[in-house]
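Thanks for coming, everyone. I have one model to walk through today. Please put the structure up and keep it in view while I talk.

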Amino acid sequence: MALAPEKSDGIEEEISEIEKGLVSTSHTPRTNTSDDFRSSAAPPSLPQKLIAELIGTYFVIFAGCGSVAVNKIYGNVTFPGVCVTWGLIVMAMIYSVGHISGAHFNPAVTITFAVLRRFSFREVPLYIVAQVLGSIMASGTIALLLDVTPNAYFGTVPVGSSVQSLVFEIIISFLLMFVISGASTDSRAIGDLAGVAVGMTILLNVFIAGPVSGASMNPARSLGPAIVKHVYKGLWVYIVGPITGCLAGGIAYNFIRSKPLAS
């Protein structure tokens, strides 16, 4: 009869050791599968990444360009509202699919990541196709839903000279990629705030360059509306400018990241 108390003491001692982390509990069967449901052990496949890019780009263009069209037609959004819409939708999509595809939504960003060896060159053409297709689909949706006259065009056209808009696009694209590189690719940065940082950068860029160049920063953003509405004036500006600016911004951040500052 004296064995029962000894067994109880042994159990209590083992429980105490488990609580202190001295005994492994890996043999304990798991009964709660909620964590397994929320997380995926396997990395996303290429088709999943492409679908994420297509959907993400679709909603970025639908919300951003849609706000431009609605403001021009009905006048209720206002220019600050358009700026906020662009920033918010990009931020929302980054947090939605950033962990799946990287949330590029922008051929200039994809090309820059590839040049900096942070993305596979083999996937670049597929990403660009998905991004441009998403933009075309979103632009087509806007054109079907709204009476988009030439005065309500929601694409990007230089207001002044093409050179002026080109310089603006290079500068704001540089800033965008510089922030993306710092906020989302540098392990020293607070990664959870990358979406906020990128969204706020786009908001500010639209405030600054929107009245001059349209603040594209993204070839897909300009190609979609241009293809749907057949408006190709100055389109080269929005291909050359963002790619040049993003490459320069990414290379600049890569330079200061890899070389310690002198004390």
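**Two loop residues to start**

Phe 105 counts as buried, because its relative accessibility is 5%, under the 20% cut-off. Keep in mind that this is a predicted model. Phe 105 is found in the loop between H4 and H5. Its backbone stands out on one point: phi is positive, about 60 degrees, although Phe 105 is not a glycine.

Now go to the loop between H5 and H6, where Arg 117 sits. Arg 117 also has a positive phi, near 65 degrees, and is a residue other than glycine. Is Arg 117 buried or exposed? Arg 117 is exposed, because its relative accessible area is 79%, over the 50% cut-off.

**The overall fold**

Let me zoom out. How many helices and strands does the protein have? The count is 10 helices and zero strands. Read from the N terminus, the order of elements is α-α-α-α-α-α-α-α-α-α. The protein has 263 residues, and 41% of them count as buried. Take the contacts between residues at least 6 apart in sequence: 77% of those join residues at least 24 apart.

Next, the annotation. The unreviewed UniProt entry carries the label "transmembrane region" for residues 50-70, 77-97, 103-119, 126-146, 166-184, 196-215 and 235-256. I'll take two of those stretches. Residues 235-256 are 91% helix and 0% strand. The end C-alpha atoms of that stretch are 33 Å apart. Residues 103-119 come out at 53% helix, again with 0% strand. Here the end C-alpha atoms are 12 Å apart.

The largest pocket holds about 660 Å³. Its lining has 35 residues, and the closest to the centre are Ile 94, Gly 102, Ala 103, His 104 and Ile 180. Which helices supply at least two lining residues each? They are H3 (46-74), H4 (79-101), H5 (107-115), H7 (162-184) and H8 (194-213). H4 gives the largest share, seven residues. By class, the lining of the largest pocket splits into 19 nonpolar, 13 polar and three charged residues.

The second largest pocket has a volume of about 410 Å³. It is lined by 22 residues. Nearest its centre lie Val 68, Lys 72, Gly 155, Gly 210 and Gly 214. H3, H4 and H8 each put at least two residues into this lining. Which helix gives the largest share this time? That is H8, with five residues. The classes for the second largest pocket are 13 nonpolar, seven polar and two charged.

**The cores**

Now the packing. The largest nonpolar core has 44 residues. Val 60, Trp 86 and Ile 202 have the most contacts inside it. Two or more residues of this core come from each of H3, H4, H5, H6 (124-145), H7 and H8. Take Ile 202. Setting aside residues up to four places away in sequence, Ile 202 touches Trp 86, Gly 87, Val 90, Leu 176 and Met 217.

**Three buried positions**

Gly 64 first. Gly 64 is in helix H3. Gly 64 counts as buried because its relative accessibility is 0%. What does Gly 64 contact beyond its neighbours within four places in sequence? The partners are Thr 85 and Trp 86. Gly 64 and Thr 85 are 21 residues apart in sequence, yet 6.0 Å apart in space, C-alpha to C-alpha.

Next, Ser 173, in helix H7. Ser 173 is at 0% relative accessibility, so Ser 173 counts as buried. Leaving out residues up to four places away, Ser 173 touches Met 217, Gly 241, Pro 242, Gly 245 and Cys 246.

Last, Ser 181, which also lies in helix H7. Ser 181 is buried, because its relative accessible area is 2%. With residues up to four places away left out, Ser 181 touches Asp 186, Gly 250, Tyr 253 and Arg 257.

That's my tour. Questions, please.

Methods. Residues are numbered from 1 along each chain as its sequence is written. This is a predicted model: local features need pLDDT of at least 70, side-chain atom pairs count only at pLDDT 80 or more; totals for chains, interfaces and linings use all residues. Side-chain values use heavy atoms; hydrogens and water are left out. UniProt positions are given in the numbering used here, feature names are shortened, and annotations may be inferred rather than shown by experiment. Helices (H or I, at least four residues) and strands (E, at least two) are DSSP runs, numbered from the N terminus. On a 1 Å grid over the protein atoms alone, a cavity is a set of points where a 1.4 Å probe fits but cannot get out, and a pocket is an open set with protein on both sides within 12 Å along at least five of seven lines; lining residues have an atom within 4 Å of a point. Grid points are joined across faces, edges and corners, and a volume is the space filled by probe spheres set on the points. Ala, Val, Leu, Ile, Met, Phe, Trp, Tyr, Cys and Pro count as nonpolar, Asp, Glu, Lys and Arg as charged, and the others, Gly among them, as polar. Buried means under 20% relative accessible area, exposed over 50%, partly exposed in between (1.4 Å probe, protein chains only). Contact means heavy atoms within 4.5 Å. A nonpolar core is a set of buried Ala, Val, Leu, Ile, Met, Phe, Trp, Tyr and Cys residues joined through side-chain atoms within 4.5 Å.
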